[in-house]
Amino acid sequence: MVKQKYIALVDCDSFFVSCEQKRDISLKNKPVCVLSNNEGCVISRSKEAKKMGVRMGEPYFMLKKEHPKAIFKIADHEYYSQVSKQVMAILKDFSPYVQIYSVDEAFVDLTGLVKLYKKNYKNLAIYLREKVLQEVDIPVSIGVSSTKTLSKLASDKAKSSSNGVYLIGKRKIHKELNNTRIEEIWGIGRRLTKSLKRYGILTAEDLTNRSDAWLDSTIGIHGLEMKHELLGEMTSPVTNAEKTPKSIQNTRAFGIFTSDFNFIKSELNRHIHTSCRKLRSYNTKCLQIGVMLRTKDFKVYYAKKDLLSPVDFELEISNIAIKLLKEIYNPHILYRSTGVFLERIGEQGVEQLSLYTDGSESIKKEKLAKCFDKLESKFGKNIIQTGFVKK
């Protein structure tokens with residue numbers, strides 16, 4: 001356990017919709033819905049769309065008939081990522097300890113900032129919220145408490161608060177736990193909810209009333225940590241360290257149905273380039289490459305290959321991926337999307353060089369890859385594109 005801290009969870013409100021409204025201010029206060037690729041289903045809704053009755057995951061072909069006044073936008077994840085970086089930059093400038101949890105959420109350690117900003121913790125959160133809104137034009141909800149689990153609970157309540165901020169202090173903990181259903185606790189899924197309810201655990205307070213021994217034997221270490229976090233005892237501090245992902249994948253629908261091999265190959269190369277750049281940003285390489293093809297009828301074909309040496313360079317990965325693509329491709333089938341999966345990701349230092357090479361070729365590839373990244377950082381994404389010889 002560590003000493004008490006003051007942790008804020010900053011959660012961007014309806015993030016994808018907020019990004020679209022930032023880009024086009026005429027969309028503000030309108031029933032806006034963001035759809036998954038190729039006019040699929042709803043993945044983000046504005047407050048106005050929620051009031052209209054639009055449900056998450058509802059398919060577009062049904063919504064356009066049920067809600068003709070709703071405004072629909074196709075997801076632009078590259079743009080959303082850019083906006084996310086702007087938000088996170090403000091948080092990192094505000095506090096020395098920021099842990100990015102997802103594209104639209106981050107934990108911020110506020111401990112000790114009261115003296116620096118001469119504001120109490122509630123006013124600190126209000127100030128930070130206003131700063132993000134003014135500088136990036138993205139509304140956020142901020143929950144503040146002594147642990148990540150409680151700050152997550154507070155951020156959920158902040159969404160319905162008039163100022164977008166909610167605090168759970170020591171004196172309010174037990175009252176909040178009594179009023180929190182077990183399924184509302186961060187980290188408890190449907191399966192665990194059903195299991196706990198069979199034991200008569202219906203609220204967060206019920207969970208904290210169970211003994212450590214019972215939680216350890218029934219749920220495991222996760223249950224113990226959850227109990228203490230709910231009681232305001234931190235078990236997981238905010239850390240700046242970014243966790244290396246176990247896998248990197250990049251897929252996207254074409255927008256049209258096609259059996260054109262060269263078109264599919266071109267799209268796959270784009271995904272490979274994006275994935276490799278992300279791989280290098282973590283200073284890692286992969287030891288397994290997978291390629292996916294999804295048909296017009298949503299049937300998925302997949303092929304993968306294990307490598308002898310780890311790689312992070314798109315030209316190397318592309319050569320292998322195109323061979324895998326040829327294995328699963330059928331010219332008589334219409335496809336809707338393709339994607340690449342980089343698996344078995346490890347540290348860059350595990351590469352084993354051949355006895356018959358001096359390593360100069362590997363050094364050249366690393367320099368070229370870094371050159372790609374520098375050019376894109378300066379001139380924008382996809383300024384560099386890998387080519388190929390037509391089939």
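1. A word on classes to begin with: Ala, Val, Leu, Ile, Met, Phe, Trp, Tyr, Cys and Pro count as nonpolar, Asp, Glu, Lys and Arg as charged, and the others, Gly among them, as polar. On that scheme, the lining of the second largest pocket has 8 charged, 8 polar and 4 nonpolar residues.

2. Please keep in mind that this is a predicted model, where local features need pLDDT of at least 70 and side-chain atom pairs count only at pLDDT 80 or more, while totals for chains, interfaces and linings use all residues. Residues are numbered from 1 along each chain as its sequence is written, and side-chain values use heavy atoms, with hydrogens and water left out.

3. Back to the second largest pocket. A pocket here is an open set of points on a 1 Å grid over the protein atoms alone where a 1.4 Å probe fits, with protein on both sides within 12 Å along at least five of seven lines; lining residues have an atom within 4 Å of a point. The volume, meaning the space filled by probe spheres set on the points, is about 520 Å³. Of the 20 lining residues, D13, S18, Q21, K47 and P139 lie nearest the centre. Helices α1 (15-23), α2 (47-52) and α6 (121-136) each supply at least two residues of this lining. Helices (H or I, at least four residues) and strands (E, at least two) are DSSP runs, numbered from the N terminus.

4. Next, have a look at the open sheet of 5 strands, which has mixed pairing and the order β5-β6-β1-β7-β8. Two strands pair if DSSP finds at least two bridges between them. At the edges are β5 (98-102) and β8 (165-167), each pairing on one side only. Neighbouring strands of this sheet are turned by 20° against each other on average, direction ignored; the axes are lines fitted to C-alpha atoms.

5. Within that sheet, β1 (residues 7-12) runs antiparallel to β7 (residues 140-145), joined by 6 bridges. The bridge partner of C12 in β7 is V140, and that of I7 is S145. Strand β1 also runs antiparallel to β6 (residues 105-109), with 5 bridges, and L9 stands opposite F107 there.

6. How many residues of β1 are buried? The count is 6 of 6, where buried means under 20% relative accessible area (1.4 Å probe, protein chains only). In a regular strand the side chains alternate between the two faces of the sheet. In β1, both faces are covered, with I7, L9 and D11 on one side and A8, V10 and C12 on the other.

7. There is also an open sheet of 3 strands, again with mixed pairing, in the order β3-β2-β4. Its edges are β3 (42-45) and β4 (71-74), each with a single partner strand, so one side of each has no neighbour in the sheet. Neighbouring strands of this sheet are turned by 30° against each other on average, direction ignored. Strand β2 (residues 32-35) pairs with β4 in the parallel sense over 4 bridges; V34 has K73 as its bridge partner in β4.

8. L293 stands opposite Y301 in β11. Their hairpin has 4 residues between the strands, and F298 takes a positive phi near 70°.

9. Finally, find R280 in helix α13 (residues 261-281). R280 is buried, with a relative accessible area of 12%. A polar atom of the R280 side chain lies 2.8 Å from the backbone oxygen of D312. The C-alpha atoms of R280 and F313 are separated by 8.6 Å, and the two residues are 33 apart along the chain.

Note on methods
Axes are lines fitted to C-alpha atoms, for helices over the stretch in contact, and angles run from 0 to 180 degrees between N-to-C directions. Buried means under 20% relative accessible area, exposed over 50%, partly exposed in between (1.4 Å probe, protein chains only). A polar contact is a pair of N or O atoms within 3.5 Å; within protein, one must be able to donate a hydrogen and the other to accept it, and residues adjacent in sequence count only if both atoms are side-chain atoms.
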